Amino acid sequence: MNRAWWKESVVYQIYPRSFNDSNDDGVGDIPGIIEKLGYLKKLGIDVIWLSPVYDSPNDDNGYDIRDYQSIMDEFGTMEDMERLLDEVHRHGMKLIMDLVVNHTSDEHKWFVEAKQSEENPYRDYYIWRPGKDGREPTNWEAAFSGSAWEYNEATDDYYLHLFSKKQPDLNWENPKLRTEVYDMMKWWLDRGIDGFRMDVINFISKDQNYPDGEVDAGKRYGNGAPYFMNGPKIHEYLKEMHEQVLSGYDVMTVGEMPGVTPEQGALYTGEDRDELNMVFNFDHVDLDSGLGGKWDVKPWSLVELKDIFTRWQHQLEESGWNSLYWNNHDQPRIVSRFGNDSEEYRVVSAKMLAATLHLLKGTPYIYQGEELGMTNVKFPSIEDYRDIETLNMYKEKVEQGADPDELMEAIYVKSRDNARTPMQWNGSDNAGFTNGDPWLAVNPNYSSIHAKQALEDTDSVFYFYQKLIELRKNHDIIVYGDYQLLLGDHPKIYAYLRTLGDEKLLVVSNFAEENIDVELPQEVEYETVNLLINNYYVHPEEDINSITLQPYETRAYLLK
Ligand code: NOJ
């Protein structure tokens with residue numbers, strides 16, 4: 001296994017809109033991030049992943065980019081961005097940016113040109129198809145509801161948008177477009193950024209036959225995913241991007257990839273394949289989605305979760321590298337999802353989830369507020385929500401006759417706004433995020449859950465994350481050790497063993513709200529035991545072969 005700085009790092013994701021507002025317009029900004037670098041340094045993270053800060057009309061909060069080479073007014077200026085990068089480096093950290101090149105905003109100058117006529121030089125930067133029998137070219141559904149195609153009067157045909165209609169898909173078949181993207185990437189890398197998180201990067205190559213997708217019972221639109229996820233030329237494009245851009249820099253890359261399997265993940269991240277360092281897969285965060293998709297909430301099982309992690313751990317063991325995440329700006333808060341956000345168990349279960357994830361093999365990602373054990377939110381009305389995916393779904397389903405109360409229940413569990421409520425810095429008005437009117441309301445529990453409290457309490461979730469990060473710096477086994485699942489069928493306990501040379505790391509976590517007795521399997525041999533991290537008191541003389549774990553208890557032992 002080759003060593004690499006990005007394998008030894010912990011990444012912290014900032015969603016700038018919700019992080020810290022320095023000018024009281026209700027929207028987080030870059031100077032606000034700079035104010036908080038000391039906080040991140042204290043936590044101990046190595047790399048910041050910054051969600052998009054580029055100029056954007058904000059149909060999808062910056063994931064609809066109008067100009068890749070300028071900064072959104074609400075967030076600051078290019079000088080602010082340069083200062084941020086300098087300050088991050090001065091603190092001994094790195095910064096990666098979001099690369100959103102499956103689509104642009106419809107207000108990007110390329111699209112403003114392209115839609116004008118068939119002869120326009122930018123026409124082939126996007127994907128155009130004639131209608132079929134007076135309808136859209138295919139039956140594909142967009143991720144944000146409705147058809148994935150929008151009619152354009154000037155050219156009497158349709159453009160593809162896998163997300164909102166203000167996010168037209170770029171045409172990667174066009175070498176000129178690819179060169180523009182590579183030049184833009186180099187422009188940012190030459191300014192000193194340390195890599196990219198690549199938005200839905202496994203969607204960029206489409207099946208050029210554009211077939212209709214299968215239509216599930218009761219559905220109006222078809223599923224186009226088989227024709228754009230991990231499409232025919234995806235590896236070719238990523239290799240080209242590597243050759244033309246990435247190979248010239250010592251940077252890290254992580255590709256967001258809905259629908260990626262472990263086998264494909266091994267191809268994307270294989271060390272000799274010159275594509276990407278890591279991918280974000282969705283298997284574990286799709287666990288609680290039923291056949292009807294993300295809003296069709298279903299119970300999840302720990303055995304399945306363990307099975308998913310274990311498959312990814314093994315598949316990428318020989319060559320490749322895992323990313324490890326519970327949260328990001330699209331996912332509900334993990335303590336509300338796989339833990340327990342009641343007053344009694346919020347802190348212990350947040351710690352248990354942290355240890356279980358960070359001690360797997362891979363690079364851990366922390367999403368802002370996760371280190372405080374921030375929770376999901378239940379706003380009383382749909383009017384309180386801002387996320388385009390949530391709002392479009394609600395509108396469409398209400399029009400189709402769905403019960404609004406049932407929709408709100410699904411929104412409480414799954415809406416992306418659960419992750420996007422402002423960062424809770426202190427117990428003052430608006431959690432210290434802004435003195436203005438926040439763009440999305442603060443979670444009412446900010447009066448007790450906030451960073452100031454966490455920093456004053458040595459037993460807080462914050463310090464538990466800090467310790468996990470520190471352990472990673474001091475124990476190679478956490479980064480490079482092999483992984484083995486223990487007690488695979490146990491419905492409440494997640495136990496695994498990491499091995500490096502003659503060292504072993506044993507991790508045991510209780511996912512249940514009850515005491516559970518655990519017998520260590522015979523195969524785990526050791527002479528000395530050293531407790532590395534725990535979230536309840538542990539008696540120093542305890543015989544670890546047979547232990548009782550309290551609700552949401554977690555422990556990690558170094559064995560020799
Ligand atoms: C994935 C991003 O994480 C999400 O926030 C965004 O809406 C879509 N890609 C489209 O860019």
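Start with the contacts (heavy atoms within 4.5 Å): among those in the protein with a separation of 6 or more, 71% are between residues 24 or more positions apart. What you have open is a predicted model, where local features need pLDDT of at least 70, side-chain atom pairs count only at pLDDT 80 or more, and totals for chains, interfaces and linings use all residues. Residues are numbered from 1 along each chain as its sequence is written, and side-chain values use heavy atoms, with hydrogens and water left out.

Now switch to cartoon view. You'll find 16 helices and 22 strands, which are DSSP runs numbered from the N terminus (helices: H or I, at least four residues; strands: E, at least two). The radius of gyration is 24 Å, close to the 24 Å from the globule rule for 560 residues, so the protein is as compact as a globular protein of that length. That radius is taken over C-alpha atoms, and the rule is 2.2 Å times the number of residues to the power 0.38.

Next, colour by domain, with bounds from an automatic or database domain assignment. Select 11-102 + 175-379 + 418-465 for domain 1, 109-160 for domain 2, 380-417 for domain 3 and 482-559 for domain 4. Over C-alpha atoms, the centres of domain 1 and domain 2 are 29 Å apart.

Finally, colour by burial. Of the 560 residues, 61% are buried, meaning under 20% relative accessible area with a 1.4 Å probe, protein chains only.

Notes. Buried < 20%, exposed > 50% of the residue type's maximum accessible area, 1.4 Å probe, protein only.
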